[in-house]
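Please open the model in your viewer and keep the sequence panel beside it.

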Amino acid sequence: MKINPVYVLMLIGLLVLVPLARKIQQRPTAFYGIAENQDIDLSLEHAVMVKRILVKEGEAVKAGQLLMVLERTNIPFLRASLLQEKKQLDAERQELLTKNNNRREELNQAQAAAAFELENQLTQLLAQQAQNERLLAGLESVSTSAIAKETPEITALKAEQATVTQPYILQKNNLQKETKAELNSLTARLEKIDLELAELEREFQTLELKSPIDGVIGKVNFVPGEQPSSRETLLNIYRLHPDQVTTYIPEGQLTSLQLGDSLVVRSIQDQEYVISGQIIGLGNKIRELPIRMRRDPEVQAWGREVLLKIPDENALMQGERVLIEQIID
């Protein structure tokens with residue numbers, strides 16, 4: 001029986017291509033990513049004047065290193081406002097003390113007048129009673145007990161005399177409490193102003209802008225003598241090496257990725273340099289891939305955004321394009 005060579009070749013092809021196909025299927029699925037951190041913009045919450053700049057663009061700096069010396073520009077205005085407020089509070093305090101002294105003097109005079117009036121009335125009644133007693137003493141028909149009896153008017157005046165000063169004493173006590181409360185409030189406000197003035201004096205000396213990270217100075221936006229407004233970026237700083245990679249998984253390669261999964265990050269410049277990246281962010285919708293992440297820049301593509309955390313110590317450059325690999329079983 002003659003064997004057709006075509007069938008032999010087909011059999012050999014199958015024996016070669018099936019293992020090859022399996023091997024290809026097990027190769028990493030790769031897509032591009034960008035290793036890059038966002039620049040850190042350094043600014044202040046208030047207007048300042050730049051006194052000195054101690055770094056230049058492109059210079060590597062350490063965390064805590066002094067970058068700029070600045071000065072608050074609104075401090076004279078704030079100081080003047082606080083001093084004016086303090087002057088007004090001092091005037092209110094003096095006015096309160098004067099008002100309290102005057103009111104207390106009025107109450108003292110009213111108390112003395114009321115007591116004097118009762119004392120005068122009582123003296124007159126007692127004098128009249130004494131005169132009546134002398135007249136009655138000459139009459140033999142009047143008993144001694146009748147002569148010595150105190151009149152109801154005198155008894156009532158003596159009772160009133162014991163309580164006439166109580167309303168004035170109560171008013172003076174209430175006045176003292178009210179005045180003390182107002183004085184405490186004014187004193188607290190004055191102490192707060194003194195603290196604010198002291199803080200302004202401290203800030204007026206110098207303000208120092210220090211680097212929050214180890215990194216490289218990006219753009220310096222001002223020169224000495226200029227006055228940036230509040231929240232205006234003074235300079236920016238970026239890390240020498242990235243610690244994050246942004247990538248997009250193309251639609252055709254979407255898998256059941258989860259937070260915490262690891263992917264392989266490979267340098268395109270040095271194919272032998274490989275590090276691990278852990279997923280710390282997953283996009284919630286499909287987006288168009290940036291041009292640098294497309295296999296063919298001319299062909300539009302879409303995918304799911306994925307953010308990877310890579311080791312802080314690495315050899316990648318900021319903005320470097322890398323290859324992200326995932327093994328599909």
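**First stop: charged pairs**

Select Asp243 and Arg239, whose side chains meet in a salt bridge (3.8 Å, N to O); a salt bridge here is a side-chain nitrogen of Lys or Arg within 4 Å of a carboxyl oxygen of Asp or Glu. Before going on, note that this is a predicted model, in which local features need pLDDT of at least 70 and side-chain atom pairs count only at pLDDT 80 or more, while totals for chains, interfaces and linings use all residues. Residues are numbered from 1 along each chain as its sequence is written, and side-chain values use heavy atoms, with hydrogens and water left out.

Are the two partners buried or exposed, or something in between? Asp243 is buried, with a relative accessible area of 10%, whereas Arg239, at 33%, counts as partly exposed; buried means under 20% relative accessible area, exposed over 50%, and partly exposed in between (1.4 Å probe, protein chains only).

Next, select Glu288 and Arg294, which form a salt bridge at 2.8 Å, N to O. Here Arg294 is buried at 9% relative accessibility, and Glu288 is partly exposed at 37%. Then select Lys210 and Glu208, whose side chains also meet in a salt bridge, at 3.8 Å, N to O; Lys210 is partly exposed at 45%, and so is Glu208, at 48%. The structure holds nine salt bridges.

**Second stop: an open sheet**

Colour the chain by secondary structure, which comes to five helices and 13 strands; these are DSSP runs numbered from the N terminus, with helices (H or I) of at least four residues and strands (E) of at least two. Four of the strands form an open sheet in the order E2-E8-E7-E4, with antiparallel pairing, where two strands count as paired if DSSP finds at least two bridges between them. The edge strands, each pairing on one side only, are E2 (40-42) and E4 (60-61).

Now select residues 215-220, strand E7, and residues 235-238, strand E8, which are joined by three bridges. Val216 has Tyr238 in E8 as its bridge partner. In the loop between E7 and E8, select Arg231, which has a positive phi of about 65° although it is not a glycine. Most residues other than glycine have a negative phi. Arg231 is exposed, with a relative accessible area of 61%.

**Last stop: helix H2**

Finally, select residues 75-137, which make up helix H2; its 63 residues reach 92 Å from the first C-alpha to the last, close to the 93 Å expected, where the expected span is 1.5 Å times one less than the number of residues. Colour its buried residues, among them Leu82, Leu89, Leu96, Asn100, Leu107 and Gln111. In the whole protein chain of 329 residues, buried residues make up 28%.
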